[in-house]
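Good morning, and thank you for coming.

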Amino acid sequence: MTSMTGYAYEEKNYESAVVSVEIKSVNSRFLDLTVNLPPYLNPLEAYFRSKITEKVARGKVDVYIRVKELESNPDITVDEGAVKAYSEAVKKVIKASGFGTDSEAALNFILSQPGVIVSNRSYDMDKYKALIEPLFDSVLEKFNADREREGENMKRDLQEKLEKLSKCAQFFTEWQPKMEEMFKEQITAKFRELLEDKADENRIMTETAAMLVKYTINEEIVRLKSHIEAMRSELANNPTPGKKLDFICQEMNREINTIGSKNQFAEVGAMVITAKDSLENIREQSKNVE
């Protein structure tokens with residue numbers, strides 16, 4: 001089991017560049033992945049994105065890959081035709097305006113125009129990929145180790161909370177025959193109070209059976225225990241159980257609410273509250289699970 005929350009960062013100095021990789025994630029219902037690269041390295045985004053999706057199933061994941069060049073040898077060219085065209089235009093403006101010639105101002109104007117000086121640079125994607133990938137793999141490994149470490153802590157916590165809920169289910173199981181017996185006693189007492197010696201035993205049995213059908217919690221207990229075992233199985237066997245845990249929690253909540261609605265006794269009502277509290281703790285923790 002892994003947590004959806006994790007963090008890792010590394011930086012490495014090469015002869016030609018300083019490269020850093022940062023990966024961090026928080027909770028999300030689905031995989032929401034953003035890979036941030038220098039614009040000239042955008043062709044590598046799909047490759048590093050695929051490396052993340054191989055390891056991460058859910059969560060909002062932000063990846064930052066930064067490259068600081070230590071050596072820069074751009075191929076700079078001058079468009080002489082553009083320079084001449086701008087120079088002629090400046091001369092015409094000066095002549096038409098009647099102002100004196102300021103060569104420095106004219107030069108600054110020409111230099112500021114687009115296309116006069118052009119920096120032509122090609123980027124070797126294989127070279128940058130070779131620089132980034134070893135560091136990226138190391139950071140990704142640390143990131144996953146961080147999530148797995150937190151995931152193990154969460155797993156133990158969920159198992160403890162599930163054990164509390166299991167004890168609640170066992171309490172309901174033990175109380176079920178007591179509840180049925182108390183229903184029988186209450187109904188019998190009511191009939192005898194109203195009818196005294198004229199009470200019909202068959203009528204009492206019929207009314208008791210109808211009351212038990214209405215208020216018995218046997219089916220809810222069976223389903224609740226089944227959901228508890230299903231969650232135990234997910235925690236033990238599913239490496240990414242987050243979505244399934246959320247679904248199981250919904251089913252458990254339905255059974256506990258039904259038990260609460262059928263209950264007529266304070267002792268059982270108190271245990272329903274305890275079960276709801278345990279389930280809510282499980283639900284909140286499961287939101288952090290991948």
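Predicted model: local features only at pLDDT ≥ 70, side-chain atom pairs only at ≥ 80, totals over all residues.

Residues are numbered from 1 along each chain as its sequence is written, and side-chain values use heavy atoms, with hydrogens and water left out.

Helices here are DSSP runs (H or I, at least four residues), numbered from the N terminus. Let us take helix H2 (residues 80-97) and helix H3 (residues 103-111), which pack at an angle of about 135° with their axes 10 Å apart. Axes are lines fitted to C-alpha atoms over the stretch in contact, and angles run from 0 to 180 degrees between N-to-C directions. H2 and H3 are therefore oblique to each other; angles under 35 degrees count as roughly parallel, over 145 as roughly antiparallel, 65 to 115 as roughly perpendicular and the rest as oblique. In the contact (heavy atoms within 4.5 Å), Val 83, Tyr 86, Ser 87 and Val 90 of H2 meet Ala 106, Phe 109 and Ile 110 of H3. By class, this contact has six nonpolar, one polar and no charged residues. Ala, Val, Leu, Ile, Met, Phe, Trp, Tyr, Cys and Pro count as nonpolar, Asp, Glu, Lys and Arg as charged, and the others, Gly among them, as polar.

Next comes helix H6 (residues 218-237), whose axis comes within 9 Å of that of H7 and crosses it at roughly 160°. That makes H6 roughly antiparallel to H7. The residues of their contact divide into 12 nonpolar, two polar and seven charged.

How is H7 placed relative to helix H8 (residues 266-286)? The two pack at about 165°, with axes 10 Å apart, which makes H7 roughly antiparallel to H8. Among the residues in this contact are Gly 242 of H7 and Ser 286 of H8.

Both of these residues also line the largest pocket, as do Met 4 and Phe 30, among others. A pocket is an open set of points on a 1 Å grid over the protein atoms alone, where a 1.4 Å probe fits, with protein on both sides within 12 Å along at least five of seven lines; lining residues have an atom within 4 Å of a point. Helix H7 (residues 242-262) gives the most to this lining, with three residues. The lining comprises two nonpolar, three polar and five charged residues.
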